[in-house]
Amino acid sequence: MSSTAVPEVVLQGDGAAPSSASGSAPAKDPLVSIPKSPIVILMIGMAGSGKSTWMHRLVARLQSEKKRIYTINLDPAVRKVAYPINIDIRDTVNYKEVMKHFGLGPNGGIMTSLNLFATKFDQVLELLDKRAPELDYILIDTPGQIEVFNWSASGQIICDALAVSFTTIVCYVVDTARCAKPVTFMSNMLYACSILYKTKLPFVVAFNKVDVMPHGFLQEWMQDFEKLGEALSRETSYVASLSRSMSLAMEEFYINLRSVGVSAVTGAGCADFEKAVADAAEEFHTSYVPFLLEQRRDMEEKRQRAIDEQIKSFEKGLNKAKRNRDARDDDDMDDLEDDVRNFNISERSELD
Ligand SMILES: Nc1nc2c(ncn2[C@@H]2O[C@H](COP(=O)(O)OP(=O)(O)OP(=O)(O)O)[C@@H](O)[C@H]2O)c(=O)[nH]1
């Protein structure tokens, strides 16, 4: 199987601005000229933190401000989505079929579906490229299987692909009330920290559900590790003592973190969030782009390798599943194999 084409933008040398086709004036380096708008906001967070509800709130809010929005749903298992969607993974990958054919459970099905989709992410970029000049924001909803962005190749492929073409930031959504237990807060923040260090993208933490519980205590824990240590000392579990030893190391991570309290239900905190997004977008150009310029060749090779490995792993999975199936299912398997190789990502009609 031929490997997926990568966007041209990252294949142009190693730092020097490429020459124009005519050979006269050098063309502007595409990485240096990543446009300030649209801003891509990737919603990441644990299951139930409120990503989809927050997406819905933001779409309504930004549209009321006459901002032009484009939305992508990357959660193959979500049943109902309240906001209008432009590109929906469910239109191309049927996760129940993936579960059935690869012999996986729901979590594995979601991860594999997203891995499959990621191998063709260049098609999403092509669609976005066409729309981008008319857009202010591209909002992307992701599944609650947060490991997609920690361990699986697809998270990296998607983040890297977006960040070489668009101003891209991560919105890490946290359920404030669930973090009232300091060990839960710490494990949530460890996930956030590993995503931040893996993607290197600017981050906004949205402490959601402040209508249920104000988020001030979480910001206090981030600013003063002794306060978090105090809260942890009330717990005696092994995880609490591990969290206590980690809390000082996390200080550096918190210092560079923007956080705002929001409620997807009431709309509280939207203005603060928009401001934090604007700051993060600025940081993308001042910090992330210089990092990209240094790392571009390495990143591109890594991304292409990840795509090739994904494809090999599907073929292995399919062959294994095939060996375990009845001959009568062969047609079914052939259809799926064909889908794995040849699916096309398309967009729905435009948002109003
Ligand atoms: N009170 C309150 N409830 C909220 C808020 N945001 C989301 N919820 C509720 O939290 C639950 C989970 O919200 P979702 O938006 O489905 O969460 P998600 O992160 O997309 O969940 P996954 O798709 O499982 O990853 C739903 O019952 C929402 O109504 C909020 O700001 N306040």
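A crossing of two helices is left-handed if the near helix is turned anticlockwise from the far one by less than a right angle, and right-handed if it is turned clockwise. Keep that handy for the exercises.

Residues are numbered from 1 along each chain, as its sequence is written. You're looking at a predicted model: local features need pLDDT of at least 70, side-chain atom pairs count only at pLDDT 80 or more, and totals for chains, interfaces and linings use all residues.

**Exercise 1. Work out how H6 and H12 cross, and which residues meet there.**

Step 1: find the helices. Helices (H or I, at least four residues) and strands (E, at least two) are DSSP runs, numbered from the N terminus. H6 covers residues 153-163 and H12 covers residues 270-323.

Step 2: look at the axes, which are lines fitted to C-alpha atoms, for helices over the stretch in contact, with angles running from 0 to 180 degrees between N-to-C directions. The axes of H6 and H12 come within 9 Å and cross at roughly 140°. That makes H6 oblique to H12. (Under 35 degrees counts as roughly parallel, over 145 as roughly antiparallel, 65 to 115 as roughly perpendicular, and the rest as oblique.)

Step 3: apply the opening definition. The H6 and H12 crossing is left-handed.

Step 4: list the contacts, meaning residues whose C-beta atoms, placed from the backbone, lie within 7 Å. H6 brings Ala153, Gln156, Ile157, Asp160, Ala161 and Ala163, while H12 brings Tyr288, Met299, Arg303, Ala306, Ile307, Glu309 and Gln310.

Step 5: sort them. Ala, Val, Leu, Ile, Met, Phe, Trp, Tyr, Cys and Pro count as nonpolar, Asp, Glu, Lys and Arg as charged, and the others, Gly among them, as polar. The H6 and H12 contact has eight nonpolar, two polar and three charged residues.

**Exercise 2. Describe how H3 packs on H6 and on H12.**

Step 1: take H3 (residues 106-119) with H6. Their axes come within 8 Å and cross at roughly 35°, and this crossing is left-handed. Leu114, Asn115 and Ala118 of H3 touch Ala153, Ser154, Ile157 and Ile158 of H6. That's five nonpolar, two polar and no charged residues.

Step 2: now H3 with H12. Here the angle is about 130°, with the axes 9 Å apart. So H3 is oblique to H12, and the crossing is left-handed. Asn115, Leu116, Ala118 and Thr119 of H3 meet Ile307, Gln310, Ile311 and Phe314 of H12. Five of these residues are nonpolar, three are polar and none is charged.

**Exercise 3. Describe the shell around the ligand.**

Step 1: count. There are 19 residues around the ligand, with Gly50, Ser52, Thr53, Gly144 and Ala264 the closest. (A residue is near a molecule or strand if its C-beta atom, placed from the backbone, lies within 6 Å of it.)

Step 2: trace a source. Helix H1 (residues 51-64) gives the largest share, three residues.

Step 3: sort. The shell has six nonpolar, nine polar and four charged residues.

Conventions
Contact = placed C-beta atoms within 7 Å.
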